[in-house]
Amino acid sequence: ASVAMLEKLALLKIALCRAPALRSALAIGDDEALVSVPIIAKRSLTGLLLIARAQPLNADEEWQLAALADQAAIALQNARLHEMELAEAERARDLSQIALRRLAAIVESSDDAIVSKDLNAIINSWNKGAERIFGFTAEEAIGRPITILIPLDRREEETEILARIRRGQRIEQFETVRQRKDGRLINVSLTVSPIKDEHGKIIGASKIARDITQSKEAQERLQRALDFDETVMSSMGEGLYTVDTEGRLTFMNPAAQRILGWTLDELLGRRMHDVTHHTRPDGTPFPGEECAGLQVL
């Protein structure tokens, strides 16, 4: 400490030792000596050691009291650091609890099925989305094997999924078929991730299942319509071809190939204007701005 600080502390010691209120509060008689030693930590006064006795301290006792004050300063500093660490740990726990509650709310409100299982394929958690998609309540599903959702002819998929999870791999958007409680089969897209403990050991898997039955059915209807259209166009006697917005060929039926003399492979992706409009009757180039087809596009 600086000389000025030491002088201030000495005056403080004298003032405290003579303060009538302090002597009265401690029940110290006028014939007793009151000795105080400051407790200083990091150049800051944190407290005082007070001793009341019949005789004043000798030099050796004052040195021992000063050493005790130093130890008290260290102890107080450590206690404050410990309090700060406890407060920070409590704050971290509070933040962790908030994050967990937020995550739990997200899981419960999700339209997707979110399920966790251990490495023996036993279900550990089951959200409302899983109940809606698969028909089982949480009470009916938790504790049972995940195979209650897997058709018999697809059980080998679970074996492969667990093997990949044990290797620490993540499975994304795996499209497959699963079975509801009522026996109905549905199309799902699965994302499966390993679950690790605090030591990094894989102890299970979390699974997100999205019901894609309606989108798959819509894709199938669209594909059937496209197949039908292609069948009709291919059987037409008239030449028919399609182009994109830049005039590049995307389809040509057999009749058009016969009429134009080009095959579909030869024209696919090429601008039909460049292929079919070479010149005017007089031999001059036929510009695109005069092409009725391009004007329609």
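How many cavities of 30 Å³ or more does the structure hold? In this predicted model, there is one cavity of 30 Å³ or more. The largest cavity contains about 70 Å³ of space.

**Cavity lining**

The residues that line the largest cavity are Ala-113, Val-115, Phe-134, Ile-146, Leu-149, Arg-178, Leu-190, Lys-207 and Ala-209.

**Aromatic pair**

Phe-134, one of the lining residues, also belongs to an aromatic pair with Trp-126. One aromatic pair is found when the whole structure is searched. The ring centres of Trp-126 and Phe-134 lie 6.0 Å apart and the ring planes meet at 45 degrees, so the pair is classed as tilted. Trp-126 is buried, because its relative accessible area of 8% is under the 20% cut-off. Phe-134 is buried by the same cut-off, with a relative accessibility of 3%.

**Helix α7**

Glu-230 is located in helix α7, which covers residues 213–235. Its relative accessible area is 42%, so Glu-230 counts as partly exposed. Between Glu-230 and Phe-251 the C-alpha to C-alpha distance is 9.4 Å, at a sequence separation of 21 residues.

The relative accessible areas are listed below.

| Residue | Relative accessible area | Class |
|---|---|---|
| Trp-126 | 8% | buried |
| Phe-134 | 3% | buried |
| Glu-230 | 42% | partly exposed |

Definitions and conventions. Residues are numbered from 1 along each chain as its sequence is written. This is a predicted model: local features need pLDDT of at least 70, side-chain atom pairs count only at pLDDT 80 or more; totals for chains, interfaces and linings use all residues. Side-chain values use heavy atoms; hydrogens and water are left out. On a 1 Å grid over the protein atoms alone, a cavity is a set of points where a 1.4 Å probe fits but cannot get out, and a pocket is an open set with protein on both sides within 12 Å along at least five of seven lines; lining residues have an atom within 4 Å of a point. Grid points are joined across faces, edges and corners, and a volume is the space filled by probe spheres set on the points. Helices (H or I, at least four residues) and strands (E, at least two) are DSSP runs, numbered from the N terminus. Buried means under 20% relative accessible area, exposed over 50%, partly exposed in between (1.4 Å probe, protein chains only). Rings of Phe, Tyr and Trp (its six-membered ring) pair if their centres lie within 6.5 Å; planes under 30 degrees apart count as stacked, over 60 as edge-to-face and the rest as tilted.
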